[in-house]
Amino acid sequence: MIQCASPKDQFLSHKDEIQAAVLSVLESGWYILGNEVKEFEKEFANYIGVKNGIGVGSGTEALHLVLKSYGIGAGDEVLTVSHTAVATVVAIELTGATPIFVDIEPEYFTMDPIKLEAAITPKTKAIIPVHLYGQPADLEQIGIIAKKYGLKVIEDCAQAHGAKYLDQRIGSFGDAACFSFYPTKNLGAVGDGGIVVTDDIELAEKCKSLREYGWTERYISKYSGWNTRLDEIQAAILRVKLKYLDRDNEKRRYIALNYYESLSDTGVILPKVRERSEHVYHQFVIKTAFRADLISFLKSRNINALIHYPVPVHLQPGYKKSASISLTETEKITKEIISLPIYPELLYKSVDSVIQAIKEFMVKND
């Protein structure tokens with residue numbers, strides 16, 4: 001079966017270095033918030049182009065941590081999109097704040113700045129744009145609107161490690177940015193993990209305190225915090241993989257180029273790349289009116305295409321209280337999207353198999 005992603009193949013491509021890094025941690029006897037976490041925080045922050053990194057337990061917790069550090073909670077509103085992993089919304093609700101959904105630009109799958117401004121109210125405290133599928137959101141326009149209304153911008157970069165906008169890494173535009181290191185991400189651990197990056201030293205210090213019980217010194221809690229720490233083994237693995245991130249993203253772009261060149265005349269709608277941006281293709285998402293049949297056909301050819309995401313957050317059972325919101329473009333595209341296999345270790349013969357299967361299907365349905 002040709003998978004959509006393969007964390008195991010990623011491990012195997014760096015097996016010797018990863019095993020040596022893990023063994024080094026085990027032999028050190030220091031397993032929580034030690035040297036590996038400190039060095040990874042510095043290395044990743046430097047890669048993004050900001051001053052501070054705070055390693056945490058997951059991407060969800062990274063967002064939660066920033067929101068809490070800014071004092072956002074009950075009675076406040078945070079603007080984001082419904083076409084995202086539910087984790088984005090979970091982080092907002094964990095603070096007690098209310099998520100307010102903004103529709104997307106259908107060509108780019110990211111927050112529509114025009115719809116954004118119309119959603120702002122006196123209760124709005126922050127904006128969380130999501131760089132979905134590896135595509136940067138329109139940070140320039142979002143930033144202008146945020147400045148106009150005095151709002152914090154917290155970038156959700158969980159699917160866009162290494163992407164650029166205006167020749168600058170995403171994650172370096174907002175007041176803070178949050179990344180996930182879930183195993184399938186462009187930079188993935190072998191378990192959960194996340195990081196907050198920011199130039200704001202005060203925010204960084206607050207996040208460091210809150211991630212470990214609100215301590216400012218051991219066993220003394222200045223704040224009401226909780227436990228969300230990136231562990232040493234995950235940090236050591238991420239330090240290995242970070243060295244290869246740009247190379248791996250180039251491999252993703254090469255696979256994407258094959259899809260673009262080979263599927264341009266098939267009738268499927270290919271993803272559009274925002275001008276002045278570098279997409280990193282966490283997912284390669286096409287659109288077609290024949291989605292269910294195409295997915296079934298691909299499966300018959302041992303190709304596991306997926307849907308990210310089949311139901312927008314505001315229509316999911318746990319979030320039905322938001323179902324009255326009108327999100328026309330969001331609801332439309334979730335009926336048409338398909339994520340094709342794409343990851344750095346994907347064999348070119350497998351890419352060709354995907355292409356040929358789609359061509360065969362589209363000819364039959366022409």
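Which residues are buried in H3? In this predicted model, the buried positions of H3 are Glu36, Val37, Phe40, Glu41, Phe44, Ala45, Tyr47 and Ile48. They cover an arc of only 155° around the axis, which puts them on the same side of H3. An α-helix has 3.6 residues a turn, so residues three or four places apart point the same way. The face of H3 turned away from this buried side carries Lys38, Lys42 and Asn46, which are exposed. Just after H3, glycine 49 takes a positive phi of about 100°.

Tyrosine 31 is partly exposed, its relative accessible area being 41%, and together with Leu23, Leu26 and Ile32 it makes a nonpolar surface patch of about 360 Å².

| Pair | Distance between ring centres | Angle between planes | Arrangement |
|---|---|---|---|
| Phenylalanine 109 and tyrosine 133 | 5.3 Å | 75° | edge-to-face |
| Tyrosine 259 and phenylalanine 284 | 5.0 Å | 45° | tilted |

The pair of phenylalanine 109 and tyrosine 133 links distant parts of the chain, 24 residues apart; phenylalanine 109 is buried at a relative accessible area of 5%, and tyrosine 133 is buried at 2%. Tyrosine 259, in helix H10 (residues 245–263), and phenylalanine 284, in strand S15 (residues 284–287), are 25 residues apart, and both are buried. Finally, Phe40, Phe44 and Tyr47 form one aromatic cluster with Phe179 and Phe181.

Key:
Residues are numbered from 1 along each chain as its sequence is written. This is a predicted model: local features need pLDDT of at least 70, side-chain atom pairs count only at pLDDT 80 or more; totals for chains, interfaces and linings use all residues. Side-chain values use heavy atoms; hydrogens and water are left out. Patches are made of residues with over 30% relative accessible area and no salt bridge: like charges are joined within 9 Å, nonpolar side chains (Val, Leu, Ile, Met, Phe, Trp, Tyr) within 5 Å. Accessible areas come from the Shrake-Rupley method with a 1.4 Å probe; for residues, only the protein chains shown count as cover. A salt bridge is a side-chain nitrogen of Lys or Arg within 4 Å of a carboxyl oxygen of Asp or Glu. Buried means under 20% relative accessible area, exposed over 50%, partly exposed in between (1.4 Å probe, protein chains only). Helices (H or I, at least four residues) and strands (E, at least two) are DSSP runs, numbered from the N terminus. The arc is that of the directions from the helix axis to the C-beta atoms. Rings of Phe, Tyr and Trp (its six-membered ring) pair if their centres lie within 6.5 Å; planes under 30 degrees apart count as stacked, over 60 as edge-to-face and the rest as tilted.
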